[in-house]
Amino acid sequence: MDNEYYSLDAILAENQACFSYYYNSDELNFIEKIECTFNIEVPGLGYLDNAADEHVKALHRDDQLPYWLAPTMLYTGWAGFNMPRPYNGLVQNAVVAEPRSVKIGALVGENGRWYAFGKMVVDLLSDPQAKELADILRQTFKGRLPDLMDQAQHFTGTASAAARTSGDDAGAEFRSGLDATERERENVDPYGHLEGTDGCHLRCSVFVMAQESARQVKAWYESSDKSR
Amino acid sequence: MALPANLKQAPTPQELEYITGEIIVAIEPLFRMEKVRLVSGVYGPFRPPAKTRVPLWLAQSLKLKRKCRIVPPDWVTVDFLTLRLQQETSQSELSKMPFRYAEVAKVLLDIASDDIMEPDKIRILLKDIREARQAKSRQLLLALDAPYTTTENLCSMEICEMRLFFSSAMGIISKLDVEAPAQDEEMYDF
């Protein structure tokens, strides 16, 4: 029992549980790691890096710190921050040039939460950088909204609508590149996430909402008052 | 409460149509009756061929029993709607339509198309107007910015169609904004 108290695994597990509670997003992967460069040499912590080395070397790039650990390391100056790959200059330029052409859902893991993870990175960064990235996130989201609405309205789940849009390659490609914030999660009841609006707004699926309202209005237009 | 989540957020199109039932329309009754007192007011007397004014729900009920002719509002004409369609396609702002035009037009076209001149033309015009307005409200998205946005002359059914989408999109936009730095410092204060 007392062994468990000092067990590193138990501490790690507890930290992750707290974190997922704080961000109210259990499906946000905590395998999400932040890439850091250690400024100091730490003996015996080589496993943080999944490396064969026993020690963490100073100025060794690609040290993947778990997200909950990163702030401590960064704020104390023990490690430096590298911009994660989904948000590096290349991607930033691409989304600024044409937000609709980037498959942002495919950039971050299989869950595809580009905005949510981006927000986490923004929270880590200091002011000018954070503002810049936050602006890019916001502009990208705004730039993609009209297309998102179009897709949702054309793709209201009826068979005829599906057949009409199936030939439309650009639309299909756009849909496949949606972020999880924009797209629905298959295993969840479509009404389910409307409930969580008091929690993390990033969890609501905009696409599903647009789809649902469009479907309702369409059904209403097609119904008839005559039979009553 | 036990309401399903999709009903909690906003009225459904059916509910909007129900609310529209309170709008007063003119009818030509086909039966004779003195004034009648209902909860919402006193209506009548019904003396054909004199016109009288009743709520839409009553007109609807009488019409379905073939006891009246509904006099369509003056905006339900081909001339008026053609003009509006022109405005709608030539200007960048939304033109001013009756707030519940979609609901009223649908009810009238469904149950009283024999009282309307050229109902098919009107149906097509209304559909065109709706599509033109939809294309414009799409442009609104580009101007969307937290914490609020302003727009004029949106109609109830259009609001219903985009309410959830707009509000959640604005929620996300404001979430993506950088918060006041004071909060963050507090969080990592050690």
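Where in chain B is the place of Asn153(B)? The tour will come to that residue at its last stop. The model on the screen is predicted.

**Chain A as a whole**

Select chain A and colour it by secondary structure. Chain A has nine helices and three strands. Starting from the N terminus, the order of its elements is α-α-β-β-α-β-α-α-α-α-α-α. Of its 228 residues, 46% count as buried. Take the contacts in chain A between residues at least 6 apart in sequence: 64% of these join residues at least 24 apart.

**Two helices in chain A**

Next select residues 89–97 of chain A, which form helix α4, and residues 127–154, which form helix α6. Their axes are 9 Å apart and the packing angle is about 40 degrees. An angle between 35 and 65 degrees falls in the oblique range, so α4(A) and α6(A) are oblique to each other. The crossing of α4(A) past α6(A) is left-handed. Show side chains where the two helices meet: α4(A) contributes Gln92(A), Val95(A) and Val96(A), while α6(A) contributes Glu132(A), Leu133(A), Ile136(A) and Thr140(A). By class, this contact of α4(A) with α6(A) has four nonpolar residues, two polar and one charged.

**Chain B as a whole**

From the N terminus, its elements run α-α-β-β-β-β-α-β-α-α-α-α-α. Chain B has 190 residues, of which 44% count as buried. Among its contacts between residues at least 6 apart in sequence, 67% join residues at least 24 apart.

**A loop residue, Glu22(B)**

Select Glu22(B), in the loop between α2 (13–20) and β1 (24–29) of chain B. Is Glu22(B) buried or partly exposed? Glu22(B) has a relative accessible area of 48%, so it is partly exposed. Apart from neighbours within four places in sequence, Glu22(B) is in contact with Ser40(B), Pro55(B) and Trp57(B).

**Two cis peptide bonds**

Move to the loop between β3 (41–43) and β4 (52–55) of chain B, where Pro45(B) has its place. Most peptide bonds are trans. The bond joining Gly44(B) and Pro45(B) is cis, with omega about -5 degrees. Pro49(B) also has its place in the loop between β3 and β4. A cis peptide bond joins Pro48(B) and Pro49(B), here with omega about 5 degrees.

**Helix α3 of chain B**

Select residues 56–64 of chain B, helix α3. Which residues in this helix are buried? They are Leu56(B), Leu58(B), Ala59(B), Gln60(B), Leu62(B) and Lys63(B). Just after α3(B), select Arg66(B), which takes a positive phi of about 55 degrees.

**Helices α5 and α6 of chain B**

Select residues 101–111 of chain B for helix α5 and residues 119–143 for helix α6. The axes of α5(B) and α6(B) are 11 Å apart, and the helices pack at an angle of about 155 degrees. Angles over 145 degrees count as roughly antiparallel, so that is how α5(B) and α6(B) are arranged. α5(B) passes α6(B) in a left-handed crossing. Tyr101(B), Ala105(B) and Leu109(B) of α5(B) meet Pro119(B), Ile122(B), Arg123(B), Leu126(B), Ile129(B), Arg130(B) and Arg133(B) of α6(B). The residues of this contact are seven nonpolar, no polar and three charged.

**Lys136(B)**

Stay in α6(B) and select Lys136(B). Why does Lys136(B) count as buried? Its relative accessibility is 14%, and buried means under 20%. Its side chain reaches the backbone oxygen of Glu88(B) at 2.7 Å. Leaving aside neighbours within four places in sequence, Lys136(B) is in contact with Gln87(B), Glu88(B), Gln91(B), Ser92(B), Glu93(B) and Leu94(B).

**Two loop residues with positive phi**

Select Glu118(B), in the loop between α5 and α6 of chain B. Most residues other than glycine have a negative phi. Glu118(B) is not a glycine, but its phi is positive, about 50 degrees. At 42% relative accessibility, this residue counts as partly exposed.

Finally, select Asn153(B), which has its place in the loop between α6 and α7 (156–176) of chain B. Asn153(B) is not a glycine either, and has a positive phi of about 65 degrees. With a relative accessible area of 27%, Asn153(B) is partly exposed.

Notes:
Residues numbered from 1 in each chain as written. Chains lettered and ligands numbered in written order. Predicted model: local features only at pLDDT ≥ 70, side-chain atom pairs only at ≥ 80, totals over all residues. Heavy atoms only, no water. Axes fitted to C-alpha atoms, helices over the stretch in contact; angles between N-to-C directions. Helix = DSSP H or I, 4+ residues; strand = E, 2+ residues; numbered from the N terminus. Parallel < 35°, antiparallel > 145°, perpendicular 65-115°, else oblique. Left-handed = near helix turned anticlockwise from the far one by under 90°. Contact = heavy atoms within 4.5 Å. Nonpolar A, V, L, I, M, F, W, Y, C, P; charged D, E, K, R; others polar. Buried < 20%, exposed > 50% of the residue type's maximum accessible area, 1.4 Å probe, protein only. Polar contact = N/O pair within 3.5 Å; in protein donor to acceptor, adjacent residues only side chain to side chain.
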